[in-house]
Amino acid sequence: MTKRIKIKDISQNPDQKMLNITSEELVPLPPPYDKPVKETPICSLTKEQEDKYECSLDGVVAIGIPKPKSKEEEEKLVNSFLKGLKKLLSKENNWTFLQPLMLSLEYCGKCLSCSQECPIYLASGKQEIYRPNYRAEVLRRIIKKYLKKGGIFSKFSDGDIELNWATIARLAELSYRCTICRRCAQSCTRGVDNGLITHELRKLFSQEMGISAKEIHELGTVQQLKTGASTGLTPKAFKGIVQFMEEEIEEKTGKKTKIPVDKQGADILLIHNSGEYMSWLENPEAFAIILEAAGMNWTLSSELAGYEGTNYGVWYDDVQFSRIALKQIEVARKLGVKKIVVGECGHSHKAITVIADRILTKETYIPRESFLPVLEDIVSSGKLKLDPKRNDFPVTLHDPCNMVRLMGIVEPQRRILRKICPQFREMEPHGVNNYCCGGGSGFAIMHSMNFPDWRVNVAGRMKLKQILEVFKDVSDPAIKKYVCAPCSNCKGALRDLLSYYNVWEKSGILYGGLVELVVNAMTDIKQPFIEWEWR
Amino acid sequence: MAKIVRMPIHLRWELYPVPHEKGYKYGGSYLEELEWWTKPREKSRMRSILFLIKKYLSFSEYFRRNRSYWFGLYPWHIGFYLIVFFHILSFFGALLIATTGLAIIPESTNILGSIIYYLTVIVAVTSFILGTVGSIGLLIKRTADPDLRAYATPINYFNYLFFLVVFLSGFFAWLFVDPTLASYREFWVNLITLKYAAVEPATYTHIMLFSLFLIYLPFTRSTHYITKIIAFFKVRWDDTPNLPGSSMESKIKKVLSQPVGWSGPHIRSGKKWSENATSNTEGK
């Protein structure tokens with residue numbers, strides 16, 4: 001039996017891994033996925049990587065913090081962390097989340113009910129360090145001992161912990177072992193939100209210490225502010241892609257379509273995750289086909305930040321978040337559109353419609369909404385001629401956490417699917433109780449060292465289990481099945497997850513968006529829009 | 001707690017289902033509606049209040065998700081509610097005795113006297129039994145369950161034991177000394193009328209322990225009874241949109257004019273939030 005990990009172990013034995021993930025301990029998957037894909041689920045780091053980066057949490061590197069070279073450097077980093085922690089708890093520096101944070105830090109009853117709701121904790125075989133309350137409890141103890149200086153009474157009332165570089169380095173990595181899906185928070189009767197504590201920890205590391213995942217900060221928000229998109233897509237390249245989309249739409253549908261770009265005074269500015277343009281072009285194409293067929297007055301933007309809906313700041317940094325949100329809004333206001341409509345991207349939805357809501361003033365305000373009510377209105381209006389028989393294959397719906405649990409947009413997508421997919425079926429649990437795809441909070445785009453192994457083996461495991469279970473009565477790979485995931489990041493996570501386990505070959509399960517299903521059902525398009533091939 | 005109440009406006013961080021929303025049964029929100037900002041909001045504040053009251057009384061989330069814990073937690077909390085109610089009843093009864101001369105006995109000529117008598121006994125005995133069962137149950141659960149034990153601190157055990165002593169002392173006094181619980185009313189009558197008269201030592205001990213319990217309570221996490229209201233109404237269910245010209249907008253303007261003190265390399269430390277948010281460069 002492995003040794004039980006205690007809270008204070010986070011500061012002990014800095015050269016040893018706290019956890020070694022093995023296949024045997026992971027939650028089992030149904031056949032034919034019950035045998036491990038690889039002997040060791042997480043590939044080991046090279047000696048060079050181990051020497052260079054902090055990896056003593058679980059042998060996985062998500063953010064790659066370089067190891068300090070001296071005791072002095074360690075001490076400096078510990079002090080910087082404490083300074084940041086003070087700021088995190090001050091209303092001057094953290095008005096954005098101070099009240100929710102304090103409520104979550106002060107009033108946990110430690111009943112651990114939240115653990116049973118966490119897909120990562122469950123998938124890992126209930127590993128202590130992944131328990132939603134573990135990192136929160138470490139932080140609480142640090143605050144009580146080092147900031148509030150409770151002395152002996154603090155040990156008695158709040159428990160003990162030692163703050164050293166190992167604690168901080170592991171805590172930083174640990175803040176990237178939670179997808180901030182906030183399923184744990186739903187279960188808390190006191191309103192404690194361990195997902196928020198993860199968010200705030202990431203923020204402390206980024207806003208004070210400059211520590212964050214490279215894909216989210218340097219290649220994400222920084223690149224987006226500089227070049228226009230987190231994918232590196234420039235305005236010029238974007239215009240080229242739009243032209244290509246028009247050609248491809250004509251090829252696929254036989255219809256000549258002019259996609260409006262930078263149309264002044266349009267009703268709608270549609271913003272997609274730029275990942276769609278790079279990996280799933282059929283998605284923005286389907287949007288264009290639908291909106292044109294429905295006679296909508298809409299436009300895309302080729303302005304810097306206007307063709308990119310992502311806002312990775314929402315996962316780790318309030319300042320970067322605000323910069324991007326205001327840029328996107330500025331583009332819309334310049335175009336004079338009536339509203340921004342967000343395409344199939346969950347975190348873009350939450351970022352611009354919900355979180356950005358309270359950084360806007362009269363000068364920066366513009367209405368923002370999800371594409372889902374717009375699409376439902378089009379589908380139910382009869383403007384499109386739809387034949388559900390064209391979608392007569394098993395379809396299930398993945399609920400992106402950001403749209404569903406965190407925004408309450410639950411039914412429009414279901415009403416559309418019930419109308420156009422005769423074999424639509426629900427996963428269990430679904431709706432606001434769904435499981436995250438495993439790619440939430442930036443995981444879908446993080447590819448550092450062996451982190452992708454961890455993502456497909458642990459973070460996405462419960463989702464894979466759900467998908468396999470919902471299609472268990474049609475498991476024959478000859479029966480083609482469709483996981484509708486109306487979110488770009490979720491699609492990215494599903495692509496890697498299904499590909500790692502060869503699910504397309506073994507079970508005939510494909511993933512894709514919602515608008516593709518709508519276009520696939522349109523009777524005036526001769527060829528099926530959905531191409532049943534892995535991509 | 002007052003500090004938490006006074007904290008500034010924060011960014012939205014709601015979590016569905018939100019009971020005041022029309023589609024709360026499946027977790028829906030007003031964001032499901034096309035151009036929601038053009039429509040009047042249908043919001044039932046009463047449903048949220050009733051939802052929370054139901055949670056306070058049933059602890060149904062624990063029952064659903066963590067049943068073995070619920071078996072200790074539920075009697076414990078109901079024991080708390082009832083013990084407070086019992087002492088309020090005793091005080092109220094004493095007040096009536098002192099001011100109206102009401103006889104609080106089973107065969108009272110005034111029906112109110114009989115009602116208060118029986119109610120006091122039922123409430124007190126139920127609270128003593130449930131509180132004792134809950135304290136012992138939670139003590140066992142917290143000690144026997146290795147996961148819970150790992151997160152427990154000495155204060156948790158102290159609390160279970162202290163609260164157990166409070167409930168047991170009441171139970172002991174009722175069982176062996178004062179089955180009618182009249183001496184509690186007598187104690188209050190003496191206090192109200194400023195007369196000194198000795199009450200039973202067992203009763204007196206319970207009153208002292210209960211008083212200590214009331215003094216100690218604000219120093220424990222039991223204030224979650226109140227902070228939970230903030231956590232739900234001001235965070236989890238706070239989906240109030242910010243519309244131009246609203247009072248919220250002026251609060252936002254205020255916080256946006258605060259300086260940012262973070263030291264990260266991409267931040268313009270010392271500049272206002274609004275200046276940071278509109279800067280295009282990497283903090284420079």
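This briefing describes a predicted model with chains A and B. Residues are numbered from 1 along each chain as its sequence is written, and chains are lettered from A and ligands numbered from 1 in the order in which they are written. Local features of this predicted model need pLDDT of at least 70 and side-chain atom pairs count only at pLDDT 80 or more, while totals for chains, interfaces and linings use all residues. Helices (H or I, at least four residues) and strands (E, at least two) are DSSP runs, numbered from the N terminus.

**Contact between the chains**

- Chain B gives 75 residues to the contact and chain A gives 74 residues, where two residues are in contact if their C-beta atoms, placed from the backbone, lie within 7 Å.
- Helix 3 (60-65), helix 6 (146-151), helix 7 (154-177), helix 10, helix 11 (247-256) and helix 12 (273-278) of chain B each supply at least two residues of the side that touches chain A.
- Helix 10 of chain B provides the largest share of that side, 9 residues.
- By class, the side of chain B that touches chain A has 39 nonpolar, 20 polar and 16 charged residues; Ala, Val, Leu, Ile, Met, Phe, Trp, Tyr, Cys and Pro count as nonpolar, Asp, Glu, Lys and Arg as charged, and the others, Gly among them, as polar.
- In helix 3 (residues 98-106) of chain A, the buried residues include A:Leu98, A:Pro100, A:Leu101 and A:Leu103; a residue is buried if 20 or more other C-beta atoms lie within 10 Å of its own, exposed if 12 or fewer, and partly exposed in between.
- The cover over the buried residues of helix 3 of chain A includes helix 9 (194-209) of chain A, together with helix 1 (2-5) and helix 10 (224-236) of chain B.

**Helix pair in chain B**

- The axes of helix 4 (residues 67-100) and helix 5 (residues 111-144) of chain B come within 6 Å and cross at roughly 150°; axes are lines fitted to C-alpha atoms, for helices over the stretch in contact, and angles run from 0 to 180 degrees between N-to-C directions.
- Helix 4 of chain B is therefore roughly antiparallel to helix 5 of chain B, a label given to angles over 145 degrees, with under 35 counting as roughly parallel, 65 to 115 as roughly perpendicular and the rest as oblique.
- The contact of helix 4 of chain B with helix 5 of chain B has 19 nonpolar, 12 polar and 1 charged residues.

**Parallel sheet in chain A**

- In chain A, 4 strands form an open sheet with parallel pairing, in the order 6-5-7-8; two strands pair if DSSP finds at least two bridges between them.
- Strand 6 (424-425) and strand 8 of chain A are the edge strands, each pairing on one side only.
- Helix 17 (residues 412-420) of chain A packs on the sheet, touching strand 5 (395-397), strand 6 and strand 7, and its direction makes about 175° with that of strand 5.
- Strand 7 (residues 481-484) and strand 8 of chain A are joined by 4 bridges, and A:Leu510 in strand 8 is the bridge partner of A:Tyr482.
- Strand 8 (residues 509-512) of chain A is covered on both faces, with A:Ile509 and A:Tyr511 buried on one side and A:Leu510 and A:Gly512 buried on the other.

**Buried helical positions in chain A**

- In helix 15 (residues 346-354) of chain A, 9 of its 9 residues are buried.
- Strand 1 (268-271), helix 14 (318-335) and helix 20 (488-500) of chain A are among the elements covering helix 15.
- A:Ile143 lies in helix 5 (residues 132-147) of chain A and counts as buried because it has 21 C-beta neighbours inside 10 Å.
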